[in-house]
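User: Hi, could you walk me through this structure while I look at it? I'm new to this, so please go slowly.

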Amino acid sequence: MELPSKYLQEAVEAIASLPGIGRKSALRLTLHLLRRDNLEVNQFANAITSMKENVKFCDTCGNISDGPKCNICTQSKRDQSVICVVEDLRDVLAIESTQLFQGLYHVLGGIISPMDGIGPSDLNISSLFGRVESGKVSEIILALNATMEGDTTSFYLYKKLESFECKVTSIARGVSIGDELQYTDEITLGRSIQHRTPFEQTLSR
Amino acid sequence: MSYFWTKEFPVILNELSLINFKNYSEASIEVCSKVNCFVGNNGQGKTNVLDAIYYLAFCKSYFNPIDSQNIKHDDEFFVVQGGFDREGKSEKIFCGLKRGQKKQFKRNKKEYAKLSEHIGLIPLVMVSPSDSELILGGSETRRKFIDGVIAQFNPVYLDNLLNYQKSLTQRNALLKSFSENRYFDEDSLMIWDHKLAQYGEPVFKERNAFLEEFIPIFQEYYGLIAPENETVGLQYVTKLHEGTFLDLLLENRQKDRAIRYSSTGIHKDDLVFELGNHPMKRFGSQGQQKSYLLALKLAQFEYVKRKKTTKPMILLDDVFDKLDENRVEALIKLVSDPEFGQIFITDTSQERIEPILKKIGKEYRLYNVNEGAVELI
Ligand SMILES: [Zn+2]
């Protein structure tokens with residue numbers, strides 16, 4: 001279908017490039033934006049460009065941040081000796097919502113998947129070893145999703161962390177395999193953070 | 001769920017309707033509960049009727065894995081519907097496909113979330129001349145055969161198999177990237193070795209257990225349809241007989257890195273078909289190969305019956321052609337057993353098949369198939 005305006009066409013294509021949005025929805029959203037005030041639409045567009053320009057990643061943990069350190073790493077009351085390793089911000093938010101974890105995070109920014117061209121060096125992994133080397137860390141909690149790639153990434157980290165002094169644990173999982181942390185309810189997730197097990201125990205099937 | 005079926009209730013097809021399926025524009029066929037036989041020249045659409053029934057059981061064609069190629073030439077969609085009787089209740093199974101869209105599969109107007117939920121509802125065994133691929137084709141054909149049988153009873157098996165495939169793809173991608181980027185990281189490889197072992201070992205164990213149970217059944221059936229002095233064998237060939245999966249992967253690591261591919265594992269398993277102690281592929285006559293395949297399929301029927309505790313349907317596509325008289329007699333004796341469920345047969349010659357149907361001694365219907373039209377004779 002040919003649209004009557006090339007500007008409209010471009011906007012529709014831009015919105016349709018977002019995941020999960022087809023051309024029909026994109027056209028509906030674009031027409032909605034067209035009906036709005038100029039000021040509102042400017043604010044909308046600015047929000048996106050300034051987000052992209054200004055958002056940084058925390059030097060320490062890799063979490064999304066407005067400054068060089070994120071608002072979790074800068075909280076002095078948090079337990080500096082425990083680090084919970086997660087895939088991305090959504091997992092941080094899910095665990096924070098339980099209010100049962102007082103340690104720090106380490107955000108990998110993805111998981112190992114050779115077929116998607118993602119190896120250990122493409123992830124925020126080497127800085128984790130740096131944090132452990134500092135000697136202040138007594139426990140690393142692996143809290144990656146229980147998918148095949150999540151499991152293999154955990155196993156990789158465990159192997160690499162074996163030579164360090166610190167303890168490596170895994171959050172306790174229910175029976176359902178393939179669960180993603182962000183979809184687990186708060187109570188279950190809270191419980192699994194509290195009842196974590198040494199990682200080597202999860203290996204014996 | 002299929003697990004609760006009882007022996008007294010085979011699944012019976014009552015009516016079949018086709019729209020734009022293969023060479024049919026529109027057809028509606030009422031069938032009887034015992035033996036249904038479709039006769040006609042080649043290319044008229046006999047086999048397509050059987051394939052439509054197969055579709056309703058396995059959500060795919062027995063002959064053509066590309067769904068859209070089963071839509072009648074130049075048309076936009078096909079529909080296959082079947083009315084079944086199961087435990088005294090009627091079941092309507094609907095399968096529809098529009099070009100460029102996802103296939104729709106419904107049971108009593110309710111769409112399945114996953115096609116795998118349907119598989120097993122209608123136990124069925126197809127016997128067709130194209131089965132010769134099992135003897136002549138590559139090892140993948142034979143793995144598919146055993147996987148298909150085991151997966152019907154063991155949902156965990158299918159999961160393990162799919163996860164194994166995925167881990168294998170990951171490991172092969174990694175081997176390739178090692179070679180392309182000229183580096184090697186032992187831990188990166190080791191994590192996928194563990195995944196292959198985790199999913200591959202149970203698949204090996206299930207295949208082994210299945211064949212242990214299956215081979216005696218198969219040999220019994222071969223004995224029933226072939227001359228007495230012939231013995232046949234079926235060997236499960238796998239490197240996993242020799243050691244644990246992890247050891248095998250370690251042994252082949254250098255080789256795998258060199259060829260950028262995982263050279264060992266259950267994806268390389270094979271079955272060797274034997275006549276006496278010789279490979280069937282090279283030493284069996286056409287008749288012996290036919291008997292071997294028929295015995296394999298009848299053993300599958302028997303195995304499905306035992307596991308499902310119900311009588312599967314059997315579809316015999318052009319089986320009586322070129323089968324010598326002794327084997328025809330033996331086959332008739334087998335299928336005339338009341339143990340057999342509903343039977344569908346195709347043949348090119350009414351003169352040949354009608355005496356056979358009479359000998360089977362069950363209620364039968366004969367249909368003439370001509371240019372995509374089916375008529376009761
Ligand atoms: Zn931080």
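User: How do the axes of α10(B) and α11(B) cross?

Analyst: This is a predicted model, and in it the axes of helix α10 (residues 325-335) and helix α11 (residues 350-360), both of chain B, come within 9 Å and cross at roughly 40°.

User: OK, strands now. How do β4 and β5 of chain B pair?

Analyst: Strand β4 (residues 77-86) and strand β5 (residues 89-98) of chain B pair in the antiparallel sense, over 10 bridges. As an example of residues that face each other, B:Val80 stands opposite B:Cys95 in β5(B). The hairpin of β4(B) and β5(B) has 2 residues between the strands, and B:Glu87 takes a positive phi near 50° in that hairpin.

User: And how many bridges link β5(B) to β6(B)?

Analyst: There are 4 bridges between β5(B) and strand β6 (residues 104-107) of chain B, and the pairing is antiparallel. B:Phe94 has B:Lys106 in β6(B) as its bridge partner. These strands, β5(B) and β6(B), form a hairpin with 5 residues between them, and B:Gly100 in the turn has a positive phi of about 75°.

User: What is the strand order in the sheet with β9, β10 and β11 of chain B?

Analyst: That one is an open sheet of 3 strands in chain B, in the order β9-β10-β11, with antiparallel pairing. The edge strands are β9 (232-237) and β11 (278-279) of chain B, each of which pairs on one side only. Strand β10 (residues 270-275) and β11(B) are joined over 2 bridges, and B:Leu275 has B:His278 in β11(B) as its bridge partner.

User: Switching topic: how many residues does each chain bring to the contact between chain A and chain B?

Analyst: Chain B gives 16 residues to the contact and chain A gives 12 residues. On the side of chain B that touches chain A, α4 (155-181) and α5 (186-225) of chain B each supply at least two residues.

User: How many residues on that side of chain B are nonpolar, polar or charged?

Analyst: The side of chain B that touches chain A divides into 8 polar, 5 nonpolar and 3 charged residues.

Terms used:
Residues numbered from 1 in each chain as written. Chains lettered and ligands numbered in written order. Predicted model: local features only at pLDDT ≥ 70, side-chain atom pairs only at ≥ 80, totals over all residues. Pairing = 2+ DSSP bridges. Axes fitted to C-alpha atoms, helices over the stretch in contact; angles between N-to-C directions. Contact = placed C-beta atoms within 7 Å. Nonpolar A, V, L, I, M, F, W, Y, C, P; charged D, E, K, R; others polar.
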